[in-house]
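This report describes selected features of a predicted model. Please view the sequence and the structure below before reading on.

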Amino acid sequence: MDTIGVLTSGGDAPGMNTALRGVVRAAAAYGKTVVGVERGYQGLIDGALRPLGPRDMSGAINRGGTMLRSARCEAFMHAEGRATAARTLAEAGIEGLIVIGGDGSYRGAADLVAEHGVPCIGVPGTIDNDIGGTDYTIGYDTALNTAIDAIDHIRDTADSHDRLFFVEVMGRGSGYLAMMCGVAGGAEAILLPERPMPIEDLIAHLRKGRDAGKASAIVVVAEGNVTGGALEVARQVSESSEFTDSRVAIVGHLQRGGIPTAFDRVLASRLGAAAVEALLDGESGMMVGVSGKEVVRAPLKVAWETRTRFPESLFDLVKLLSS
Ligand code: F6P
């Protein structure tokens, strides 16, 4: 294999550029050429390719976002779109593809392997940290720290005004990030997509805290919380209880940008290089990840079949420590 393609797909995540650097520099060190694909799978359909050499990666290690840009590509979900993509790869002489993204991106890669025999390797890049096959995804640690910074700021004003705040963090389908934000941010409660908490229970919990002398409170709400986002939860709480003067803060896409943390840079550097090595070893339809301290490989489908969940015991911990 002489020429390797690389793309970033789905929601951008801090550290994607670091992973690109890992891919490009490792490939160059092994004497291989790298072609970057713009805007994820859309670039394969449009033929938007550009060569990436080691010097193109100068300054990439600490730059947020993705220099290749990213997209969620509807056309690639159809066989016709994937056939066009496979033609683009063949015409450009790209013999293997590295896909940096989350489980949705991996599903596309698995289809490309199955239908067109294109060797593909996945690198986990998503702030959600919700896919199997790896303990951590690139971008999660940075997003967590950004959200914690926001929560710390909010706590200052919550304390100053004896206020109840609902802070919404990202996670449409996964509460992993929200759970860790809640634990690290010292939240009074955490509302998630995975485990519904009736509003009455939340109110009872807040009342208990207030009766125990807590003048302010922070409730972390995941974007995909079953009973709605932070605005909706605040509305329901204020309508049906004595907690009528709450405030809402939505951290939103702030969590997706920014300089990757050292943790994410190390992870992205290791996994970018590991993806190249996997391709050169003749692997296909696999992802790279970390397990403990080691880099590991797993079939792409492990990403969506064994989604990473937070330990359930964290619910009890939050209850214990917010008393
Ligand atoms: O998958 C990453 C993520 O940031 C989720 O946490 C969030 O729900 C989603 O992407 C938002 O996507 P978009 O930027 O397309 O609104």
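## A buried asparagine

Asn129 has a relative accessible area of 0%. Because this value is under the 20% limit for a buried residue, Asn129 is classed as buried. In the chain, Asn129 lies in the loop that links β5 (120-124) with α5 (140-161).

The surroundings of Asn129 can be listed as well. Leaving aside residues up to four places away in sequence, Asn129 is in contact with Asp135, Tyr136, Thr137, Tyr140, Tyr176 and Thr308.

## Two domains

The protein chain is assigned two domains: domain 1 comprises 3-139 + 260-305, and domain 2 comprises 141-256. Taken over C-alpha atoms, the centres of domain 1 and domain 2 are 34 Å apart.

## The interface between the domains

Where the domains meet, 14 residues of domain 1 contact 12 residues of domain 2. The buried area between domain 1 and domain 2 amounts to about 1,100 Å², and carbon and sulfur atoms contribute 50% of this area.

Which polar interactions join the two domains? There are 8 residue pairs in polar contact across the interface of domain 1 and domain 2, and the salt bridge count between these domains is 1. On the side of domain 1 that touches domain 2, the residues divide into 5 nonpolar, 4 polar and 5 charged. A salt bridge is formed by the side chains of Arg256 and Asp12, with an N to O distance of 2.7 Å.

Key: Residues numbered from 1 in each chain as written. Predicted model: local features only at pLDDT ≥ 70, side-chain atom pairs only at ≥ 80, totals over all residues. Heavy atoms only, no water. Domains from an automatic or database assignment. Contact = heavy atoms within 4.5 Å. Buried area = accessible area lost by both parts, 1.4 Å probe. Salt bridge = Lys/Arg side-chain N within 4 Å of Asp/Glu carboxyl O. Polar contact = N/O pair within 3.5 Å; in protein donor to acceptor, adjacent residues only side chain to side chain. Nonpolar A, V, L, I, M, F, W, Y, C, P; charged D, E, K, R; others polar. Helix = DSSP H or I, 4+ residues; strand = E, 2+ residues; numbered from the N terminus. Buried < 20%, exposed > 50% of the residue type's maximum accessible area, 1.4 Å probe, protein only.
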